[in-house]
Amino acid sequence: MDADGGAGREYVVKSGKREVVAAPLPMQEHWLPLSNLDLLLPPLDVGVFFCYANPTTTASQRLGYGSVVGVLKAALTQALVSYYALAGEVVQNSAGEPELLCNNRGVDFIEAFVDVELRHLNLYNPDDTVEGKLVPTKKRGVLAVQVTELKCGGIVVACMFDHRIADAYSVNMFMVFWVQTARTAAPISLPPSFCHSLLNPRHPLCFDPSLDCMYIPVSALYPPPNHKLQVDEQCETVTLRDNDRLLSHLYYVTAAKLSELQQSACSNGSNSTKLESFSAFLWRMVAKSSVVDNDDNKTMSRMGIMVDGRCRLMSQGKDNKPTPMSSYFGNVLSVPFGEKRVREVVEKPLSWVADVVHEFVERAATKEHFLDLVDWVEEHQPVPALARIFCKPVIEEEEDGSTALVVSFGQRFPVIEMDFGWGKPVLESYHFPWGSKAGYVMPMPSPLSNGDWVVYLHLPRSEVAFIKSHAPTVFRPLIPHHLNLL
């Protein structure tokens with residue numbers, strides 16, 4: 001085991017049976033237009049994986065790989081009856097916009113084997129051990145599933161979703177429903193709502209002009225200096241690339257360190273949450289990394305946080321029943337962000353940075369913000385749009401040394417609920433090496449349910465190196481010891 005959290009052993013995935021799993025019931029083919037909030041997502045795939053050590057039933061019966069695969073396939077077949085959108089495919093309509101064709105095309109289901117034990121997987125470096133190996137590359141459809149048997153008898157269940165169809169909340173909904181379908185004849189979770197009319201624009205359209213500072217039509221983008229801006233034929237995908245390649249890592253952050261960060265962030269009497277305090281600390285680390293090689297006082301740093309709008313959009317209807325936003329399947333996200341000079345973020349106390357984070361999150365965490373955002377997208381159709389922090393369009397003098405990252409909220413990750421009938425996973429994590437130049441961070445609860453976090457970081461190499469050397473007691477490379485695998 002090396003100091004970076006894994007044995008670093010190379011391994012080859014041996015692919016086995018590949019098939020398509022579809023819902024068993026006849027389904028009338030129909031179109032499902034994407035909502036305006038779905039349209040803010042470029043064609044990106046988001047992965048999630050679950051590691052199980054020696055699958056065993058409640059009766060202490062050891063389950064073989066074939067039995068595990070059989071349970072997963074049978075449950076997936078039934079789950080797709082309710083989650084029929086995941087068995088469809090995204091196509092373009094006459095206006096060039098993506099729509100979901102619900103045709104029960106099915107889900108690609110891959111079986112695989114790797115000659116390595118779970119405790120020897122270098123999960124700290126998912127770019128080497130997870131990407132394209134344990135998490136499948138989705139070649140078609142909305143969802144792909146891979147079930148990998150390990151040398152020790154452990155199992156890795158991994159999924160790759162089209163982000164235009166499902167955000168993290170929706171992914172969690174489906175995973176819990178799939179688990180419940182495997183364990184009971186009648187899942188207790190509510191079926192998903194695909195009623196995208198819940199996010200219809202208002203008439204007349206009405207939105208706050210400040211949204212122009214948060215989102216930008218693709219047509220308004222331009223290539224920053226020394227970068228290549230890639231836009232596909234439909235202007236849906238925007239990717240900025242530079243020489244500082246983004247790397248993915250998994251870290252372990254203890255509850256004690258999170259409490260210390262929160263206490264420091266609240267030293268001025270504010271009430272910053274753990275997520276806001278952690279994000280403020282991470283923002284300072286990233287900003288400091290750019291100061292090492294750049295003394296320009298004009299250099300800017302941006303920090304964004306994903307905000308889920310479901311609880312903000314829930315309201316009582318005429319019959320006093322709540323609208324079904326809690327079971328809404330799709331994207332209900334906004335990405336507010338703060339922008340400050342690097343020197344301010346570095347030199348001000350953590351409590352000041354945390355207050356900045358709290359303020360920009362609070363402005364977006366309202367029903368009015370999400371209704372405005374729906375209308376803003378409608379105003380700019382059919383031109384695709386993106387959150388500005390994703391593509392980071394900047395003027396030339398600000399580009400060198402500037403930083404940007406987005407923190408998502410993964411604390412609703414269903415750690416305890418992911419027992420298909422052979423025990424809880426020893427690790428579960430998102431894997432999202434997106435194409436944006438902005439970094440991406442997803443904190444998730446530890447599978448030990450002790451208040452610790454497992455944190456997925458996707459940041460430029462230079463920022464990773466700085467965090468590793470300057471905050472080693474906070475960001476600890478994920479090792480088997482953290483998962484009780486040794």
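Strands are DSSP runs of E with at least two residues, helices are runs of H or I with at least four, and both are numbered from the N terminus. Two strands pair if DSSP finds at least two bridges between them.

A word on the source. This is a predicted model, in which local features need pLDDT of at least 70 and side-chain atom pairs count only at pLDDT 80 or more, while totals for chains, interfaces and linings use all residues. Residues are numbered from 1 along each chain as its sequence is written, and side-chain values use heavy atoms, with hydrogens and water left out.

Now to strand S8. Strand S3 (residues 45-52) pairs with S8 (residues 155-162) in the antiparallel sense, over 8 bridges. Asp-45 has Asp-162 as its bridge partner in S8, and Tyr-52 stands opposite Ile-155. S7 and S8 also pair in the antiparallel sense, over 7 bridges; there, Gln-146 is partnered by Ala-158 of S8. The hairpin of S7 and S8 has 4 residues between the strands, and in it Gly-153 takes a positive phi near 100°.

Is S8 buried or exposed? Buried means under 20% relative accessible area, exposed means over 50%, and partly exposed is in between, with a 1.4 Å probe and protein chains only. Of the 8 residues of S8, 8 are buried, so the strand is largely enclosed by the rest of the structure. In a regular strand, side chains alternate between the two faces of the sheet. In S8, Ile-155, Val-157, Cys-159 and Phe-161 are on one side, Val-156, Ala-158, Met-160 and Asp-162 are on the other, and all are buried.

Next, the rings. Rings of Phe, Tyr and Trp (its six-membered ring) pair if their centres lie within 6.5 Å; planes under 30 degrees apart count as stacked, over 60 as edge-to-face and the rest as tilted. The structure holds 24 aromatic pairs. One of them is Phe-161 with Phe-174, edge-to-face, at 6.1 Å centre to centre and 75° between the planes. Phe-161 is in strand S8 and Phe-174 in helix H3, 13 residues apart. Both are buried. They belong to one aromatic cluster, whose members include Tyr-52, Phe-177 and Trp-178.

Last, two helices. Which angle do H4 and H5 make when they pack? Axes are lines fitted to C-alpha atoms, for helices over the stretch in contact, and angles run from 0 to 180 degrees between N-to-C directions. H4 (residues 255-265) and H5 (residues 274-291) pack at about 85°, with their axes 8 Å apart. Angles under 35 degrees count as roughly parallel, over 145 as roughly antiparallel, 65 to 115 as roughly perpendicular and the rest as oblique. H4 and H5 are therefore roughly perpendicular to each other. Contact means heavy atoms within 4.5 Å. Among the residues that make the contact are Leu-258 and Leu-261 of H4, and Phe-278 and Phe-281 of H5.
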